[in-house]
Amino acid sequence: MIALINRRTSSILHSKHIISLKFITTYTSKDSSFTSITSQNEDSGLYGFKILKSSKGFRRFVDEAIERSGELVSYISESPSNVEIIRAMDEISDTVCSVVDSAELCRNTHPDREYVEEANKATMRIHEYLHFLNTNHCLYNAVLKAEQGSLDKKEAQRAAHSLRVDFEKGGIHLPADKLERVNQLNIEIAQICRQFNENIINDPGFVDIFPASCIPKRIQHLLRPIYSASKEKGFRITTDQGTLSSVLQWASDEEVRKQSYIRGNSAPRANLALLDKLITARHDLAQILDHKTYAEFAVHQNLSSSPEVVKSFLVEMAELVRPKADKEFSKIRNFKRERSNYKNGVLEPWDEAYFTGMMKSSAYNLDSSAISAYFPLSQCIEGLKMLVQSLFGATFYSVPLAPRESWHRDVLKMALHHPEEGDLGHIYLDLYSRKGKFPGCAHFAIKGARRISETEYQLPVVALVCNFKAPPGSSAARLDHWEVETLFHEFGHALHSLLSRTDYQHFSGTRVALDLAETPSHLFEYYAWDYRVLKTFAKHYSTGEVIPEKLVESMKGARKMFAATDLQRQVLYALIDQTLFGEQPSSSGDTMSVVADLKRQYTSWNHVEGTHWHTRFNHLLNYGAGYYSYLYAKCFAATIWEEVCMEDPLSLTAGSSIQTKFLQHGGAEDPSVLLKNLAGDQILRYHNKGGILPDLTSLCKEMEL
């Protein structure tokens with residue numbers, strides 16, 4: 001853990017959002033009671049940073065960040081007041097992380113390889129500098145002084161404590177030899193994670209299928225046509241996550257599904273060895289820092305507080321969901337036997353998406369293309385605008401992109417504006433799929449909210465990155481409903497950042513306890529299913545007809561059909577994550593057997609020998625021993641929806657509660673206090689080992705468990 005840039009993440013990729021004072025200018029919003037800090041727009045560079053007019057700007061970006069941080073280190077060494085120590089520390093973090101986060105977004109989205117390479121170099125250089133910062137006893141002693149002294153505000157006190165804990169997670173309180181080893185391990189872990197992600201992108205696997213007729217026409221546009229030596233046409237299925245999902249859902253040929261599943265879940269093989277190294281390095285790191293396991297190290301500052309509490313929660317959920325999930329499994333197996341020639345056929349993992357899709361369509365007469373017709377991407381964006389207007393009385397308006405500010409022609413920029421408070425922040429939307437781009441959907445924070453002075457405030461800037469595809473013959477994407485749900489999920493993260501109003505960027509937005517971080521995103525998924533919300537923006541792309549309520553009810557019914565199976569899968573993922581980082585380091589064969597054994601123990605589904613889907617499960621990197629947080633958030637969100645939003649989800653009253661009692665505080669308030677203030681004492685339970693668990697009542701009611 002790197003002390004000064006302790007990453008509190010809440011999606012597949014969440015960079016810490018920051019910007020140095022050297023690279024910002026001020027303007028006064030006419031409707032605002034204070035001066036806002038925003039990036040230069042005219043004659044700007046990438047992400048609004050003037051210094052990033054070219055790829056080589058990353059070099060000077062690092063230079064200036066180091067220079068400014070050095071000035072602040074010198075200032076802290078002069079023993080200023082406790083308040084100024086914390087402010088200066090926050091600016092050091094803000095300054096250094098500006099490079100880290102800009103480089104991270106660039107590496108994952110920029111189509112120009114030269115930019116990507118320069119961003120990689122910048123990341124390496126700034127991490128080397130972090131070694132100096134994280135081992136600087138002058139800074140550590142200053143934070144200790146501030147924590148033990150008097151601070152005028154609760155947030156400043158919390159910041160001092162958090163900074164001290166972060167420093168000690170980096171081992172600064174240890175003898176010199178152990179501190180050096182901690183830093184070596186952190187560098188090694190960062191390199192492993194970077195290579196793991198690159199392998200997922202560079203080696204997705206592929207299967208060649210002949211003849212072409214084996215592939216349904218509706219997905220042929222996703223695949224590459226190929227020809228055999230005899231000129232027979234076929235298709236190459238590149239088994240990245242998105243394409244594989246489409247094949248498994250739509251290919252009626254069982255052999256096509258089987259080959260695609262096995263290949264897609266056996267790549268990249270190189271990540272098996274990398275995962276071994278990651279487990280070993282994290283285990284060594286935890287033990288040096290006086291923890292038995294990495295799982296203990298990772299969760300002890302969270303709501304759960306210990307792996308024992310996490311395990312009890314996961315096992316409780318597994319036992320609750322198992323009876324219903326087993327019934328769903330039997331229904332799918334029987335359906336397969338009824339619809340095929342395999343009366344005694346075994347239900348295999350590559351059958352799930354295909355047959356559950358058929359069962360949903362059969363039960364509710366659903367056609368995914370008919371559903372997506374009501375969700376053109378442009379209308380979905382209008383839905384997000386409507387949501388912030390209804391809930392928070394704020395509006396999104398388009399902002400012209402300055403020269404070189406954007407990294408692709410598809411990128412849009414919007415400002416979030418409140419009539420009384422002025423501009424609240426900015427968001428970049430990079431929503432279309434393209435070659436070489438980060439393959440999933442994520443919220444990236446570029447700049448975090450923080451107070452500069454009584455009259456100056458640094459506004460947050462974020463990027464929402466997705467990979468939606470336009471259908472053949474169209475230039476505009478129409479989203480499947482699961483994509484709409486994903487868009488709303490990531491938008492929940494973005495709002496957490498945009499509505500944050502903390503004094504310190506250290507607590508801005510999603511920088512909260514890990515097992516709280518996913519709560520806003522899960523809460524906003526509910527908005528993607530409520531007809532009162534959908535009817536305001538879900539309109540047919542050609543006729544303008546509002547989506548019929550009966551269709552939405554059918555969609556919700558289909559969603560419930562296998563909800564227990566879906567939840568059981570998430571419990572399994574969390575158990576795998578906890579087990580891999582909670583036990584002694586193991587060999588690659590052992591990680592495969594751990595996954596297989598847990599799947600057999602907690603589900604009815606077969607494990608396909610030789611496959612290793614976990615080598616493309618990058619949550620093991622970003623959420624090591626913390627994937628359970630998705631399930632915590634699911635429970636919290638269910639209670640908040642029931643207690644705060646369900647009666648009138650678009651009311652200003654509900655929105656005001658969400659904003660003022662939760663989102664605006666970021667990590668500056670105790671997470672249990674935030675939850676209770678928003679939804680009441682019933683949202684939490686207390687474990688006999690001292691940890692906090694979510695109440696399961698609302699989720700169980702919703703899922704009929």
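What follows is a chat about a predicted model and the reasons behind some of its labels.

Me: What makes C97 count as buried or exposed?

Reply: Buried means under 20% relative accessible area. C97 has 0%, so C97 is buried.

Me: And C193, why is that one called buried?

Reply: C193 comes in at 14% relative accessibility. The cut-off is under 20%, so C193 counts as buried too.

Me: Switching to strands: what makes β6 and β7 a pair, and which way do they run?

Reply: Pairing takes at least two bridges between the strands. Here four bridges join β6 to β7 (residues 412-418), so they pair. They run antiparallel, and one of the bridges links T395 to H417 in β7.

Me: What sheet does that belong to, and why are β6 and β9 called edge strands?

Reply: It's an open sheet of five strands, ordered β6-β7-β8-β12-β9, with mixed pairing. β6 (395-398) and β9 (442-447) each have a single partner strand, so one side of each has no neighbour in the sheet. On average, neighbouring strands are turned by 30° against each other, ignoring direction.

Me: What makes you say that helix α15 packs on this sheet?

Reply: Contact here means heavy atoms within 4.5 Å. Helix α15 (residues 377-392) touches β6, β7, β8 and β12, and its direction makes about 15° with that of β7. Helix α2 (residues 82-109) lies across β8 (422-432), β9 and β12 (461-468), at about 140° to β9.

Me: How do you know that β4 and β5 pair?

Reply: Same test: at least two bridges are needed. Strand β4 (residues 224-227) and strand β5 (residues 233-238) are joined by four, so they pair, running antiparallel. I226 has G234 in β5 as its bridge partner. The two strands form a hairpin with five residues between them, and K231 in the turn has a positive phi of about 70°.

Me: Where do the domains fall?

Reply: Domain 1 is 1-16 + 42-173, domain 2 is 204-267 and domain 3 is 371-560. The C-alpha centres of domain 2 and domain 3 lie 32 Å apart.

Terms used. Residues numbered from 1 in each chain as written. Predicted model: local features only at pLDDT ≥ 70, side-chain atom pairs only at ≥ 80, totals over all residues. Heavy atoms only, no water. Domains from an automatic or database assignment. Axes fitted to C-alpha atoms, helices over the stretch in contact; angles between N-to-C directions. Buried < 20%, exposed > 50% of the residue type's maximum accessible area, 1.4 Å probe, protein only.
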